[in-house]
Amino acid sequence: MDLEKVPAFQELLKLLNENGREDQARGLSLLAWYLDGMEHQLDSVLEELQSVKSELAQVTEQQSTKPFLVKMVETLEGKVEQARDRLVIFQNRIMECTKNAVDRFKDTGVSALDRAIAAMGVKKGLEHLEEGLKNSLVSLADTLAKAEEMGTQLRKGFRNIANAGRIAANKELDRDPKIEEGRFQSAILAPMRTVQRVLGDMRNSTLAAIGGLESLELSAEAAREAQTERAAQKPGKRLEKKPSIRQALQKNQAEIAAKSAPAPDQVKKQEAAL
């Protein structure tokens, strides 16, 4: 979903710019650009994993390990799909808040814009996306480690078989400790290492976005509170500014003290008795 091409989202950006919310408009536009890029990157990762499975299906060597590797790739694919699902949920939430803001703007004015942006939960949404990317990277690291070790052990076995033939032919043994990756392993490891780099970059970008866009909902909340306070101070308005928790406590303490204090007549009687 390309948010910036959706008419309702474009209308929201226009209203923000026209009503002194330029910073919020820029932050929201940056968020939309980032989420659109993430969507394309996750789609590319899923396509890459599909190509890995296709390559596995065509490889004829090491048949005994193929089902295990296919299962690992499918597990990773599921993690990436979960991360993409989180992205779609976040995008839908943004669109829901966007439509509410545009629909209610005529009735409630700029407060509708501020409430909508605060309700998007930008920081929480980005943190949820980052968690999904982290889960994908953990799964990928485990898959790579097992695939690399599996390939190493297989190639050691092939070298030992080859050395057995050398012994039979009275040839010098191959004692070279280097074990190069074969076609079977390269078909898996190379693209999955690329996926690992892409997911790692995406996670770092998300962490940076969390810090960079945190002010978006904070500024919206501050603007909403300021608008409420201004409305409360206008004469003829029924809306009253709600007291703070500290003010409420002070009021309660004053009432309790007044109730517990002795009445003036009682104080005079006590003084006369003395």
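Modeller: Let's start with accessibility: buried means under 20% relative accessible area, exposed over 50%, and partly exposed in between, with a 1.4 Å probe and protein chains only. This is a predicted model, where local features need pLDDT of at least 70 and side-chain atom pairs count only at pLDDT 80 or more, while totals for chains, interfaces and linings use all residues. Residues are numbered from 1 along each chain as its sequence is written, and side-chain values use heavy atoms, with hydrogens and water left out.

Colleague: Why is Asp23 called exposed?

Modeller: Its relative accessibility is 56%, and the label needs over 50%, so Asp23 counts as exposed. Arg26 gets that label too, at 53%.

Colleague: What makes Arg26 and Asp23 a salt bridge?

Modeller: The rule asks for a side-chain nitrogen of Lys or Arg within 4 Å of a carboxyl oxygen of Asp or Glu. Arg26 and Asp23 have 2.1 Å from N to O, so the pair qualifies. Both sit in helix 2 (residues 22–58), three residues apart, about one turn of the helix. Helices here are DSSP runs of H or I with at least four residues, numbered from the N terminus.

Colleague: How do you know that Glu131 and Arg86 form a salt bridge?

Modeller: Their closest N and O atoms are 3.4 Å apart, which is within the 4 Å limit, so the name applies. Glu131 is in helix 5 (residues 122–168) and Arg86 in helix 3 (residues 66–108), so this pair ties together parts 45 residues apart in sequence.

Colleague: Are those two partners buried or exposed, or in between?

Modeller: Arg86 has 18% relative accessibility, so it counts as buried. Glu131, at 36%, is partly exposed.

Colleague: How many salt bridges does the rule give?

Modeller: Eight.

Colleague: And what makes a set of residues a nonpolar core?

Modeller: They must be buried Ala, Val, Leu, Ile, Met, Phe, Trp, Tyr or Cys residues joined through side-chain atoms within 4.5 Å. The largest such core has 55 residues, and Leu126 is one of those touching the most other members. Helix 2 gives this core its largest share, 13 residues.

Key:
Helices (H or I, at least four residues) and strands (E, at least two) are DSSP runs, numbered from the N terminus.
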